[in-house]
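Q: I'm new to this one. Can you walk me through the model?

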Amino acid sequence: MATTARSLGRSAFSFTFTHAARRNVAAGFPRARWFSASPSNLMPEDPPVPASRPTNLPDKLPNLPEYSPENFGKEDRSMYSMMSPEDRAVFDAHNRKMVEDFNDPVKRKQMLAQLDKLVERQPVIKFDEAGLPRNNGFWAEEEEDEFAQVEDADDEFHDDDITSMAHAELEVHREIREYARIAAWDMPALSSLAEPFTLPPKTHLLRFRYTTYMGEQHPAESKVVVELCSKDLVPDHLTEAQRQTFLKLVGPRYNPQTDTVRMSCEKFVNRAQNKRYLGELVGSLLHEAKNGDAFADIPLDTRHHRPKTNLRFPDEWVMTEQRQKQLAARRAERLALEQDRLNDIVDGNAVVAHAVNTIPSLTPGSANASEEPERVGVRVAAKAKKTRRL
């Protein structure tokens, strides 16, 4: 759209920069090798005064042709056609004035003089000499990691300002405070714009869904999803046979469990373009289902869908007041049976204590306790026969 403006700037800047480079080489400056990592000293200690630009250079530049929208390229013409009539008038007047100013010799000299000043202000790139020690600065002292020993903009620190990292943290703090002010003062005012929810009418069959990432740029931000229920198309838009044809056309995008057709698009940059494409796609599918082949000999294939079973508890398991009383009675019955079983179990400690107290021979200090215990005969096993050695 700005073809004329770009041509003006490029032509004038190329002439000035070329002459400035030749002038520097003639004056003793070495030729600068831009985007080169090799060490080079691009500035002498005492640079000589550069020679003045020839005064007849503006006269050598050719005049620009008369401005006309017909000279635009394909891309510029499309952008020009999208402008409103008022913007076109302002754009045409501005470009005509630029062409007239450039073709005027006096104004052309002023433009080139201003470009010369901009070229002379360009900084000269200097590279570190190879083999010289590098000063990593105050913030890289006692740093063991060699990747962290880099130069930054805070090498000369005079205790008069905070570091660049501190400035970044301060900027984050400012942003947080800004959102806090919005939440405290602006968001409560949104309640005055609240409206009661109303169901969409039956004529609105398409449901579009967008995804936002809270102000952050994301590749999936332009994605748009559309959903519709196939039974809503009958009988206003399609017949039952045409609905079956429509479902055969959409293929795996149909969910037979919920009877919904779901499609998405993210091939365009803007959301509006993706939404427009989905709307036209649904319209073309409906038109094909009405006027195209019915595919009556092909059954509807739903093998792509795997139904999900939702488990539900039986109604008899619902915890009611009667159910709670029934469970409490069963629990009390089990506790009573357990207590009866515990009463039938023989307590070994109690039996031993009772025997000690009732049997005199087991009671220490009694008269029979000091007597020699009764000897009991024990059968001794016969000696094993010796085995014969072979």
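Q: Is arginine 341 buried, partly exposed or exposed?
A: Arginine 341 is partly exposed, at 44% relative accessibility. Buried means under 20% relative accessible area, exposed over 50%, and partly exposed in between (1.4 Å probe, protein chains only). Keep in mind that this is a predicted model: local features need pLDDT of at least 70, side-chain atom pairs count only at pLDDT 80 or more, and totals for chains, interfaces and linings use all residues. Residues are numbered from 1 along each chain as its sequence is written, and side-chain values use heavy atoms, with hydrogens and water left out.

Q: What does arginine 341 meet in a salt bridge?
A: Its partner is glutamate 338, at 2.5 Å from N to O. A salt bridge here is a side-chain nitrogen of Lys or Arg within 4 Å of a carboxyl oxygen of Asp or Glu. Glutamate 338 is partly exposed too, with a relative accessible area of 37%.

Q: Where do glutamate 338 and arginine 341 lie?
A: Both are in helix α9, residues 321-344. They are three residues apart, about one turn of the helix.

Q: OK, zoom out. How many helices and strands does the protein have?
A: There are 10 helices and four strands. These are DSSP runs, numbered from the N terminus: helices are H or I with at least four residues, strands are E with at least two. The order from the N terminus is α-α-α-α-α-α-β-β-α-β-β-α-α-α.

Q: Which strands do arginine 262 and glutamate 227 lie in?
A: First, the pair itself: arginine 262 and glutamate 227 form a salt bridge, 3.6 Å from N to O. Arginine 262 sits in strand β4 (residues 260-265) and glutamate 227 in strand β2 (residues 224-229), so the bridge ties together parts 35 residues apart in sequence.

Q: How many salt bridges are there by this rule?
A: Nine. Lys97, Asp101 and Lys107 are linked in a network of them. Within it, aspartate 101 and lysine 107 have their closest N and O atoms 3.1 Å apart.

Q: Is aspartate 101 buried or exposed?
A: Aspartate 101 is buried, at 17% relative accessibility. Lysine 107 is partly exposed, at 35%.

Q: And how much of the protein is buried?
A: Of its 390 residues, 16% count as buried.

Q: New topic. What share of the contacts join residues at least 24 apart?
A: It is 59%, among contacts between residues at least 6 apart in sequence. Contact means heavy atoms within 4.5 Å.
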